[in-house]
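Hi everyone, thanks for coming. I'd like to walk you through one structure today, so please have a look at it with me.

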Amino acid sequence: MKQLKTYVTLAATLPFIALAAPASAEPLKNIVLVHGAWVDGSGWKPVYEILTKEGFKVTMAQEPETSFADDVAATKRVLDLQDGPTLLVGHSYGGSIITEAGVHPNVTALVYVAAHAPDVGEDEGTLGKKTPSVLAKTEGAIKKTPDGYTYLNPVDFPKLFAPDMPRGQAEFEARSQVLAAAEVFTTPLTAAAWKTKPSWAIVAGNDQIINPDLERWYYERAKSRTIEIKGASHSVYESHPRQVAEVIIRAAREAEQDASTAKK
């Protein structure tokens, strides 16, 4: 099978100067970051700080996790507020959200960070069962409330979601989870923005929430320009913020260049 891309380990020292945009490219300064299930937008802070220092206008979408439709709508409201071309970034379940919401006219390109990327008619829950993760094989790790909201067992959270983060931070996040309606994982998508817009992606090599093989499959299918960060957990955006930020910056610059070339 022909490889559509090469998986490499991103060096933490990759110089930002190498990512400078060509002078003829259309400016892409807006970035919207979308979080995944059981967490909120505050986890993006380390990446946000790097991106803003590089001159980007960065906004976090805060999804309520009450339904897939609600989460897509919350993201689209943020996209409506952007004043120009926008790079849409999603982590984990946020990948499903950006796949659906990414057809928004302000969105120029997508970045998947250890994220799902279903096609139209697919849902991440069904796809996850076909390529199960460590989480899926850990009995009792996912809990559900009587009214149908899910959360990750706080005892299991540090070792499954964030094993490469400081223990105290992981335990705090375990106790501050945003409970997610079970239906968010099983709602079929009605749009797949990666079919019409360029995408970049990060595979977390030691992801225990989403099987890294499923991430690789998603991104090969989408023809994403993909980087693998060896040994990184599902919390790669927090444990490796500089490497994640560098991929996002590269995506913004290359999306500018692609747009400029297309206009010639």
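Before we start, one cut-off: a residue counts as buried when its relative accessible area is under 20%, and as exposed when that value is over 50%. And please keep in mind that what you see is a predicted model.

H104 has a relative accessible area of 10%, so H104 is buried. You'll find H104 in the loop between α3 and β4. What does the side chain of H104 reach? It reaches the backbone nitrogen of N106, at 3.0 Å. Setting aside neighbours within four places in sequence, H104 is in contact with K76, L79, D80 and K197.

Now let me step back to the whole chain for a moment. The protein has 9 helices and 9 strands. Of its 264 residues, 55% are buried. If we take the contacts with a separation of 6 or more, 75% of them come from residues 24 or more positions apart.

Next, the core. Which residues touch the most other members of the largest nonpolar core? That core has 78 residues, and the answer is L87, V244 and I248. The helix that gives the most to this core is α9, residues 241–263, with 8 residues. As general background, nonpolar side chains tend to be buried together in soluble globular proteins. Let's look at L87 on its own. Not counting residues up to four places away in sequence, L87 touches L28, N30, I31, V32, A109, L110 and V111, and also I248, A251 and A252.

From there, let's move to helix α3. Is α3 mostly enclosed or open? Well, 8 of its 8 residues are buried, so α3 is largely enclosed by the rest of the structure. If you want to click through them, they are G94, G95, S96, I97, I98, T99, E100 and A101. And what covers them? The cover includes β1 (30–34), α2, β3 (86–91), β4 (107–113) and α4 (124–130).

Let me pick α2 out of that cover. The axes of α2, residues 68–80, and α3, residues 94–101, come within 9 Å and cross at roughly 65 degrees. The crossing is right-handed. On the α2 side, the residues that meet α3 are F68, D71, V72, T75, K76 and L79, and their partners in α3 are S96, I97, E100 and A101. By type, the residues of this contact divide into 5 nonpolar, 2 polar and 3 charged.

T190 lies in the loop between β7 (180–181) and β8. Buried or exposed, which is T190? Its relative accessible area is 61%, so T190 is exposed. The side chain of T190 makes a polar contact with the side chain of E100, at 2.3 Å. Apart from residues up to four places away in sequence, T190 touches E100 and V120. T190 and V120 are 70 residues apart along the chain, and their C-alpha atoms are separated by 5.0 Å.

Over to another loop, the one between β8 (199–204) and α7 (212–221), where we find Q208. With a relative accessible area of 16%, Q208 is buried. A polar atom of the Q208 side chain lies 3.5 Å from the backbone oxygen of K159. Leaving aside neighbours within four places in sequence, Q208 is in contact with S133, V134, L135, K159, L160 and P163.

Last stop, and one for those of you who like backbone torsions. E65 counts as buried, at 0% relative accessibility. A114 is buried too, with a relative accessible area of 0%.

Methods:
Residues numbered from 1 in each chain as written. Predicted model: local features only at pLDDT ≥ 70, side-chain atom pairs only at ≥ 80, totals over all residues. Heavy atoms only, no water. Axes fitted to C-alpha atoms, helices over the stretch in contact; angles between N-to-C directions. Helix = DSSP H or I, 4+ residues; strand = E, 2+ residues; numbered from the N terminus. Left-handed = near helix turned anticlockwise from the far one by under 90°. Contact = heavy atoms within 4.5 Å. Nonpolar A, V, L, I, M, F, W, Y, C, P; charged D, E, K, R; others polar. Core = buried A, V, L, I, M, F, W, Y, C linked by side-chain atoms within 4.5 Å. Buried < 20%, exposed > 50% of the residue type's maximum accessible area, 1.4 Å probe, protein only. Polar contact = N/O pair within 3.5 Å; in protein donor to acceptor, adjacent residues only side chain to side chain.
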